[in-house]
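This report looks at a ligand site and at some charged side-chain pairs. Please keep the structure in view while reading.

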Amino acid sequence: MVVYLIGAGPGDPDLITLKAVKILKKADVVIYDRLANEEILAYATDAELIYVGKKAGEHYKSQDEINQILLEQGKKHNVVVRLKGGDPFVFGRGGEEMLALINEGINVEFIPGVTSAIGVPTSVGLPVTHRGVATSFTIVTGHEDPTKKEKQVKWDYTADTIIILMGVGRLKDNVKEIMKYRDSETPVCVIENGTLPNERVVISNLGDITKKKINTPALVIIGNVVKVYKKALK
Ligand SMILES: C[S@@+](CC[C@H](N)C(=O)[O-])C[C@H]1O[C@@H](n2cnc3c(N)ncnc32)[C@H](O)[C@@H]1O
């Protein structure tokens, strides 16, 4: 009996790994959420499908409820898949699910996914590092848990490129903070629905980005690598 924590990739169903497809084909049950592209579920021909993601206006499962479902299914079946968008350990709460399972003596295996944090910029031709331009990047949440006693996100990052996930809702506040450390002319690229047919790319700078209309899910990339991307567009 094994629970596989599997990354589904950023959106395009072809960006899942072969290893993940092999496991999905023999899954007894697949527990999936909103960001995992549902076309991927077609590989799980013999599996029961359990949706635990968010639906507008409806109650959705808390992390504790999801952990409970994983424990129940993990004790019942031989091959349980927990399918998550992107990579399960990049802002996916995969670590919490892993620990809940291990604490109950359930075997867990891991299949990485293409994280949107890097996969989405790469898919449009935006390099997150570039010789002479960017030697480092930071991947950070734009939506830090407000119940935390002390903030961990301080926006004074020294990495050349900042990649913000979950960055739309609080973009105004976060950009205000970032501009304490970076110039308003610093290039910004926002990619909505990356790798999907409704993908949209917005290029701007720190001073102007909050004037643009941005839909979720979106990735915010800040730094001079955006200039490299612009050059490649010409
Ligand atoms: C809860 S996090 C999960 C990240 C996921 N585990 C990963 O590795 O990509 C969700 C955030 O990922 C980003 N995201 C996921 N899929 C995306 C996509 N196709 N295009 C743009 N951003 C995406 C957005 O910032 C979104 O708010």
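Which side chains meet in a salt bridge at 2.7 Å, N to O? The side chains of D208 and K211 do. The model is a predicted one. Here D208 is partly exposed, with a relative accessible area of 30%, whereas K211 is exposed, with 65%.

**Salt bridges**

The count of salt bridges comes to nine.

| Pair | N to O distance |
|---|---|
| D208 and K211 | 2.7 Å |
| R93 and E96 | 2.8 Å |
| D33 and R82 | 3.4 Å |

D33 lies in the loop between strand 2 (29-32) and strand 3 (48-51), and R82 lies in strand 4 (residues 79-84), so the pair ties together parts that are 49 residues apart in sequence. Both D33 and R82 are buried. In the pair R93 and E96, R93 is partly exposed at a relative accessible area of 44%, and E96 is partly exposed at 36%.

**The ligand**

The ligand has 18 residues around it, of which V90, T115, S116, G194 and A218 come nearest. By class, this shell holds 11 nonpolar, six polar and one charged residues. Domain 1 (2-111) and domain 2 (116-233) both contribute to the shell, so the ligand lies between them. Helix 4 (116-124) and strand 10 (218-222) each supply at least two of the shell residues.

A polar side-chain atom of S116 is 2.7 Å from an oxygen atom of the ligand. A backbone N or O atom of M166 lies 2.9 Å from a ligand oxygen atom, and a polar backbone atom of G194 is 2.8 Å from a ligand nitrogen atom. Taken alone, the ligand exposes 570 Å², and the protein buries 89% of that.

Methods: Residues are numbered from 1 along each chain as its sequence is written. This is a predicted model: local features need pLDDT of at least 70, side-chain atom pairs count only at pLDDT 80 or more; totals for chains, interfaces and linings use all residues. Side-chain values use heavy atoms; hydrogens and water are left out. A residue is near a molecule or strand if one of its heavy atoms lies within 4 Å of it. A polar contact is a pair of N or O atoms within 3.5 Å; within protein, one must be able to donate a hydrogen and the other to accept it, and residues adjacent in sequence count only if both atoms are side-chain atoms. Accessible areas come from the Shrake-Rupley method with a 1.4 Å probe; for residues, only the protein chains shown count as cover. Helices (H or I, at least four residues) and strands (E, at least two) are DSSP runs, numbered from the N terminus. Ala, Val, Leu, Ile, Met, Phe, Trp, Tyr, Cys and Pro count as nonpolar, Asp, Glu, Lys and Arg as charged, and the others, Gly among them, as polar. Domain bounds come from an automatic or database domain assignment. A salt bridge is a side-chain nitrogen of Lys or Arg within 4 Å of a carboxyl oxygen of Asp or Glu. Buried means under 20% relative accessible area, exposed over 50%, partly exposed in between (1.4 Å probe, protein chains only).
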